[in-house]
Amino acid sequence: MDLAYVCEWERWPKSTHCPSVPLACAWSCRNLIAFTTDLRNDDQDLTRMIHILDTEHPWDVHSVNSEHSEAITCLEWDQSGSRLLSADADGQIKCWSMADHLANSWESHVGSLVEGDPIVALSWLHNGVKLALHVEKSGASSFGEKFSRVKFSPSLTLFGGKPMEGWIAVTVSGLVTVSLLKPSGQVLTSTESLCRLRGRVALADIAFTGGGNIVVATADGSSASPVQFYKVCVSVVSEKCRIDTEILPSLFMRCTADLNRKDKFPAITHLKFLARDMSEQVLLCASSQTSSIVECWSLRKEGLPVNNVFQQISPVVGDKQPMILKWRILSATNDLDRVSAVALPKLPISLTNTDLKVASDTQFYPGLGLALAFHDGSVHIVHRLSLQSMAVFYSSAAPRSADEPAVKRSRATGPAVHFKAMQLSWTSLALVGIDNHGKLSMLRISPSMGHTLDVSLALRHLLFLLEYCMVTGYDWWDTLLHVQPGMVQSLVEKLHEEYTRQNAALQQVLSTRILAMKASLCKLSPCTVARVCDYHAKLFLVAVSSTLKSLLRPHFLNTPDKSPGDRLTEVCTKITDADIDKVMINLKTEEFVLDMNTLQALQQLLQWVGDFVLYLLASLPNQGSPLRPGHSFLRDGASLGTLRELMVVIRIWGLLKPSCLPVYSATSDTQDSMSLLFRLLTKLWICCRDEGPTSEPDEALVDECCLLPSQLLIPSLDWLPVSDGLVSRLQPKQPLRLHFGKAPTLPASASALQLDGLIRCVPASAPWPLRVPCGLLLSGLDLDAGLGDVLARPVTPVPPSPSLHSVICVTSASLCMECRRAGLWLQLSPCGAQAYPAWALVHWRSVWCGRCGATEGPVGKAPRRAGCSQGRQAAAAGACGVSPYRPAAPQGRVSFLLFRRESCTIRGHIRHFPVSDAHVMGRLA
């Protein structure tokens, strides 16, 4: 276990961030971390802040004024990682959700209130989804054998068995409150006492049973008092929420039973179930001012002895012994330093004796340990059941033996820096801690837990966790922390091999996830970094293909055998003719009829497809080395087949509306560019299609591709170096020091030559607004913007570009941002930062000034900031609402952005330029 990076707040002259008391922290399955601070100004007024950050870019933190009147006591992510609950010491609960699916824009429209009653425990209701990991079957071919669905009932269901959303909370006065979110948006809230005799609840935790019930554990803070457990049942009766409670067996901590240590640990400081869906095991920690003790308890069924007299009276009792539930202690630690924070694993590893033995035999340690932070600054990973130490991290003090008793350790003169809140990642390979100074620390937890593992075994464990993330849809950033450059090639090959073993339906579901996963893996090694742009291009191609095919409609609705998209794939696969018109006549063209306005709006996408095909074919003669971008794409029969299908679709749509066809700059007016490209693409596809072994293109095809630059003007598609992320730059035992709100100057990584997606420009005279169908992944499309247009870029898994080339301009209403392939999105708000003048110019080929006709170029030469002084002055003056630059047809095109009114700083790689009132969104790498 070692430190990966540290991120802290900069000191401001009039306000400062100080740790909140208590300090709350939560880690989502999307690898978003939420934590709290109090913003204190000169007047000593406190603002309760919630901070949300991406683990790959911790400095780019998004701070939300929670508007909680009292200290925030709880934070809780939902299962999808897109909604966050916050609760405070005044009984107010707020539900935060992403505004327009933007990771740095959060809003709260619903909530609940138990006025004046502080919330001590909070949880979302269980949705009934529970997965089990079978480590012993990690070598199985089917994902269904490795990861199985566990029968688990939701806390509450709607009509048809759909889980009902909502949350449950416990207050300090012993009340339990449940809020249910109806599909209509209405919130049903009900509050009930946990028992008739209400008492103070200092600590509480919530867990769920397989039968749909809820278990609540409470303690009043004194180790001399029992830890109480209650069963809570939630139902809806006559459109009202109803809560029924039942008392379960309680327990006293073992340390209070020893007369010699009865008063040594007077307070219970931590009470946690070992897992949200495991209500039978609980972790307790009792502490004094200087030391602590931790105990693990389990709820078991035991037989109740019955007197012989009762057995004779009731024969039924004699035949079957009655059973009772009873808490039994599993393990306890010796005296430890005072525990300051506890973090529990989220990986669904079963804790039965059989499964523990299997995990020990396979040496699979992730998910078996929980984290304990101590006041001396150390962090221990201990086994969940035996509480034996598995790994140790020391923050500032000199390393000491884990067996050294706490009472013999010398005490520091001042208070040590220690974690006040901790959270483990969803694969238990990373740990985040917030210390008593408000500093965030990210720790890497080795999958081997200090044990010596064979390289093949370590690869198998990492592969198993990557497959788990691929199946569940969770983010895999924490797994990448442990991938060495030498492992990348093997992991990518094994991941692809396991993927191809699955059935066709599952492969279709996971197709985009595995591409994104391969791209993120290949960034970690200089030997594979050239493939990154190929995988991103495939992601973009899959999104464009699925979007265009979704627009096709069957001519007769009573033909449910195959969709038009499936028939298109079948025909293009069956007919290998190189003549595009002969392929087209085998299709039902009436299924391709679209509205003329829709076809015109798709022209930019169709242009990208046509330019991409031309660029790939023109680069074929230079693709001898596997290290060149595009090498793997040109040998992927499935991707080439998809391009071939799209060319046929474009051909048909061109007959309906010729203006939607891709525009090529040809040397001959009689040149049929579409037919030429389709013929060459078909020959290349035949060499790589799945039905036969992949063969290298023949010399005749290479020669024809060599002649393309003399027949058509080849578009300039940029493969740009990217990545301002951390994962490829983190070095063992060399933690990075970062500051919130300040982008760092990161050291160059071994894979510094990382490549972005394919980029092209469209004419500034293109019609606006551009209507983009929902679900489209816009990873590398560059479109000219007009006043009022929206600038948007997807976040992960597609990295950003260090120029304005990868800006995407679309209307916000026409883009579905909740796209797994596009990842998260960020919105960048206007601010008074230094900005460019009222223009910004990006060179694509050559630039032509619409006012004086001056041109600059040729291709590859950097132009001046504007075409001419006259045009530059007019643009800066903002005399007109349109660009004074127009593309020089057909030799050149211009891509530049002209905005007015206010300034906006786009952090990261897109620097500064003025914008209009539009939303401006950027993405993280």
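In this predicted model, the axes of α7 and helix α8 (residues 504-522) cross at roughly 175° and come within 10 Å. Angles over 145 degrees count as roughly antiparallel, and α7 and α8 are therefore roughly antiparallel to each other. On the α7 side the contact is made by V488, L491, V492, L495, H496, Y499 and T500. On the α8 side it is made by Q507, Q508, L510, S511, I514, M517, K518, L521 and C522. By class, the residues of the contact of α7 with α8 divide into 10 nonpolar, 5 polar and 1 charged.

Helix α7 (residues 488-500) also packs with helix α5 (residues 455-472), their axes coming within 10 Å and crossing at roughly 50°. The two helices, α5 and α7, are therefore oblique to each other, and their crossing is right-handed. From α5, the residues in this contact are L459, L462, L463, L466, E467 and M470. They meet S490, L491, K494, L495 and E498 of α7. The contact of α5 with α7 holds 7 nonpolar, 1 polar and 3 charged residues. L491 and L495 of α7 are listed in the contact with α5 and also in the contact with α8.

A further helix pair is formed by α10 (residues 564-574) and α14 (residues 637-656), which pack at an angle of about 110° with axes 10 Å apart. That angle makes α10 roughly perpendicular to α14. The crossing of α10 and α14 is right-handed. L568, T569 and C572 are the α10 residues in the contact, and R644, E645, V648 and V649 are their partners in α14. Sorted by class, the contact of α10 with α14 has 4 nonpolar, 1 polar and 2 charged residues.

| Pair | Crossing angle | Axis separation |
|---|---|---|
| α7 and α8 | roughly 175° | within 10 Å |
| α5 and α7 | roughly 50° | within 10 Å |
| α10 and α14 | about 110° | 10 Å |

These helices belong to a protein chain that has 18 helices and 43 strands. Of the 925 residues in the protein chain, 55% are buried. Among contacts between residues at least 6 apart in sequence, 65% join residues at least 24 apart.

One residue among the strands illustrates contacts across the sequence. S291 lies in strand β23 (residues 291-303). S291 is buried, with a relative accessible area of 9%. Where its neighbours within four places in sequence are left aside, S291 is in contact with K264, F265, A286, L336, D337 and R338. The C-alpha atoms of S291 and V339 are 7.4 Å apart in space, while the two residues are 48 apart in sequence.

The remaining topic is the cysteines. A search of the whole structure finds 0 disulfides. C29 is in no disulfide, and the nearest cysteine sulfur, that of C469, is 9.9 Å away. For a disulfide, the two sulfur atoms would have to lie within 2.5 Å. C29 is buried, with a relative accessible area of 4%. C533 is likewise buried, and its relative accessible area is 0%. Both values fall under the 20% relative accessible area that marks a residue as buried.

Technical notes:
Residues are numbered from 1 along each chain as its sequence is written. This is a predicted model: local features need pLDDT of at least 70, side-chain atom pairs count only at pLDDT 80 or more; totals for chains, interfaces and linings use all residues. Side-chain values use heavy atoms; hydrogens and water are left out. Axes are lines fitted to C-alpha atoms, for helices over the stretch in contact, and angles run from 0 to 180 degrees between N-to-C directions. Helices (H or I, at least four residues) and strands (E, at least two) are DSSP runs, numbered from the N terminus. Angles under 35 degrees count as roughly parallel, over 145 as roughly antiparallel, 65 to 115 as roughly perpendicular and the rest as oblique. A crossing is left-handed if the near helix is turned anticlockwise from the far one by less than a right angle, and right-handed if clockwise. Contact means heavy atoms within 4.5 Å. Ala, Val, Leu, Ile, Met, Phe, Trp, Tyr, Cys and Pro count as nonpolar, Asp, Glu, Lys and Arg as charged, and the others, Gly among them, as polar. Buried means under 20% relative accessible area, exposed over 50%, partly exposed in between (1.4 Å probe, protein chains only).
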